[in-house]
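My notes follow as numbered points, to be read with the model open beside them.

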Amino acid sequence: DGRSDVNSRASRENLDDVGFLKAVLQAVAARYPVDTKRVFATGISNGGFMSFRLACDAADTFLAVAPVAAGLSVDLGPRCQPQRPVSVAIMNGTEDPLVPWKGGNVSALGIKRGATWSAERTYEKWIELDACKVRFDEPEVNNVADDKTSLLRHRAVNCAAGAEVRLYEIRGGGHNWPRGAKYLGVAIVGRITQEFDGDEEIWRFFKSIPTQ
């Protein structure tokens with residue numbers, strides 16, 4: 001997923017996960033109706049890092065990605081040169097105990113899992129890659145007072161080929177899917193924001209992206 005400093009089987013054996021996921025798409029499209037011009041990727045944590053990898057290395061296949069609780073890794077970020085503009089919606093918590101908002105080492109239960117750029121640096125990189133000309137912030141959302149989180153959405157538009165880049169700054173949020181299921185305690189993964197539904201927001205974002 002772009003973190004070569006992680007001692008995983010994929011890294012050790014140089015497995016082609018990008019090629020595998022493109023092959024999965026081809027296999028599905030051979031059996032079912034698929035609009036191959038409108039293919040998207042999303043995922044949380046490792047899946048978020050993999051979504052960034054697909055945006056960088058398989059832009060010919062993936063029109064937009066929505067990584068959750070992930071950033072551009074220090075390995076992938078400098079070499080990321082997508083073949084075409086890719087729309088990106090980044091959803092990260094400012095108090096994520098595993099993938100730090102300000103960047104640094106990714107860690108789980110004390111085990112280091114590579115290093116990542118900060119959420120803001122990742123956002124800035126995609127603005128540069130997509131040649132976005134206009135950027136603005138939407139008003140902060142804090143409709144659910146007792147979840148101890150709020151949402152500030154940063155947006156960059158007027159990008160090449162109609163792309164858009166977003167950063168969902170989940171203030172007080174942790175390593176969780178927005179309004180997702182609780183899978184571990186707050187002490188381990190932080191708070192789950194209730195300010196918006198990650199599923200619905202990502203689908204609205206994907207639907208809004210024009211076909212190139």
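Which residues does Glu 201 touch, not counting residues up to four places away in sequence? Point 1 takes this up, after a word on conventions. This is a predicted model, in which local features need pLDDT of at least 70 and side-chain atom pairs count only at pLDDT 80 or more, while totals for chains, interfaces and linings use all residues. Residues are numbered from 1 along each chain as its sequence is written, and side-chain values use heavy atoms, with hydrogens and water left out.

1. **Glu 201.** The residues it touches are Met 91, Arg 153, Arg 166, Tyr 168 and Phe 196; contact here means heavy atoms within 4.5 Å. Glu 201 sits in helix α6, residues 198-208. With a relative accessible area of 8%, Glu 201 is buried. The cut-offs are under 20% relative accessible area for buried, over 50% for exposed, and partly exposed in between, with a 1.4 Å probe and protein chains only.

2. **Overall fold.** The protein has 6 helices and 8 strands, and their order along the sequence is α-α-β-α-β-β-β-β-α-β-β-β-α-α. Both kinds of element are DSSP runs numbered from the N terminus: helices are H or I with at least four residues, strands are E with at least two.

3. **Dimensions.** The radius of gyration is 17 Å, which agrees with the value near 17 Å for a compact globule of 212 residues. That radius is taken over C-alpha atoms, and the globule rule is 2.2 Å times the number of residues to the power 0.38. Along the principal axes, the C-alpha atoms fill a box of roughly 45 × 40 × 35 Å. Of the contacts with a separation of 6 or more, 59% are between residues 24 or more positions apart.

4. **Surface and burial.** Buried residues account for 49% of the 212. The accessible surface is about 10400 Å², and carbon and sulfur atoms hold 51% of that; the areas come from the Shrake-Rupley method with a 1.4 Å probe.

5. **The largest core.** In soluble globular proteins, nonpolar side chains tend to be buried together. Here the largest nonpolar core has 36 residues, and Phe 52, Leu 54, Leu 72, Val 88, Tyr 123, Trp 126 and Val 165 touch the most other members. α2 (17-31), α3 (46-57), β3 (87-93), α4 (119-129) and β8 (165-171) each give at least two residues to this core, with the largest share, 6 residues, coming from α3. Apart from it lies another core of 16 residues, including Phe 40, Val 68, Ile 170 and Phe 205. A core in this sense is a set of buried Ala, Val, Leu, Ile, Met, Phe, Trp, Tyr and Cys residues joined through side-chain atoms within 4.5 Å.

6. **Leu 72 and α4.** Beyond its neighbours within four places in sequence, Leu 72 has contacts that include Phe 52, Cys 56, Thr 122, Lys 125 and Trp 126. Among the buried residues of α4 are Thr 122, Tyr 123, Lys 125 and Trp 126. The buried residues of this helix pack against α3, β3, β6 (134-137), β7 (150-157) and β8.

7. **Cys 132.** This residue lies in the loop between α4 and β6 and is buried, at 15% relative accessible area. Leaving aside neighbours within four places in sequence, Cys 132 is in contact with Ile 127, Ala 156, Val 157, Asn 158, Cys 159 and Val 165. Its C-alpha is 7.5 Å from that of Glu 164, 32 residues away in sequence.

8. **Ala 69.** You will find Ala 69 in the loop between β2 (64-68) and β3, buried at 1% relative accessibility. Not counting residues up to four places away, those it touches include Ile 44, Ser 45, Phe 49, Met 91 and His 175.

9. **Positive phi angles.** Most residues other than glycine have a negative phi. Ser 45, with phi near 60°, is in the loop between β1 (40-44) and α3.
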